[in-house]
Amino acid sequence: MQSDQYSYIPILMQFILAVGFVVGTIIISGKLGPKRNSEVKDKNFECGIESVGNARIPFSVKYFLVAILFVLFDVEVIFLYPWAVNFKDLGIEGMLKMIVFMSLLLIGFFYIIKKKALEWE
């Protein structure tokens, strides 16, 4: 079984064309685009509110904890869809496995509620 390297030439050409198009577009828009700098235009702007103080304020750990817990439970819910699609094929064994899975999920959920991980101060 010999690899035919010539069959990869169209892929290489498409890659070069795509990269060339992106780089060319960025360069051309930078050269042809308007350049109007002013004091007002260069100011920091956030939702119509004047910026006050340092922008590098540390976030609370609770913010990241809630985000991680959301992703964790969201990903676990994704496992419910393939189970529901194959529910009849899995039979009683699949049902028991899902009961164990959902039990562990609920135990974890009640644990984080008991630890007050989702409460804001």
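Just after helix α4, Lys116 takes a positive phi of about 60 degrees, where helices are DSSP runs of H or I with at least four residues, strands are E runs of at least two, and numbering goes from the N terminus. Lys116 does this although it is not a glycine. Most residues other than glycine have a negative phi. At 48% relative accessibility, Lys116 counts as partly exposed; the cut-offs are under 20% relative accessible area for buried, over 50% for exposed and partly exposed in between, with a 1.4 Å probe and protein chains only.

A quick word on the ground rules. This is a predicted model, so local features need pLDDT of at least 70 and side-chain atom pairs count only at pLDDT 80 or more, while totals for chains, interfaces and linings use all residues. Residues are numbered from 1 along each chain as its sequence is written, and side-chain values use heavy atoms, with hydrogens and water left out.

Now back up into α4 itself, residues 87-114. A straight helix of 28 residues would span 40 Å at 1.5 Å a residue, but α4 spans only 33 Å between its end C-alpha atoms; the expected span is 1.5 Å times one less than the number of residues. There's a bend of about 75 degrees in α4 at Glu93, taken as the angle between axes fitted to the seven residues ending there and the seven starting there.

| Helix | Residues |
|---|---|
| α1 | 9-32 |
| α4 | 87-114 |

Zooming out, the protein chain has four helices and zero strands. Buried residues make up 6% of its 121 residues. Among contacts between residues at least 6 apart in sequence, 59% join residues at least 24 apart. The accessible surface comes to about 11700 Å², with 69% of that belonging to carbon and sulfur atoms; areas come from the Shrake-Rupley method with a 1.4 Å probe, and for residues only the protein chains shown count as cover.

Part of that surface is a nonpolar patch formed by Leu12, Phe15, Ile16, Val19, Val23 and Ile27, with about 570 Å² of accessible area together. Patch residues have over 30% relative accessible area and no salt bridge, and nonpolar side chains (Val, Leu, Ile, Met, Phe, Trp, Tyr) are joined within 5 Å, like charges within 9 Å. A salt bridge is a side-chain nitrogen of Lys or Arg within 4 Å of a carboxyl oxygen of Asp or Glu. Phe15 lies in α1 and, at 55% relative accessibility, counts as exposed.

Methods: Contact = heavy atoms within 4.5 Å.
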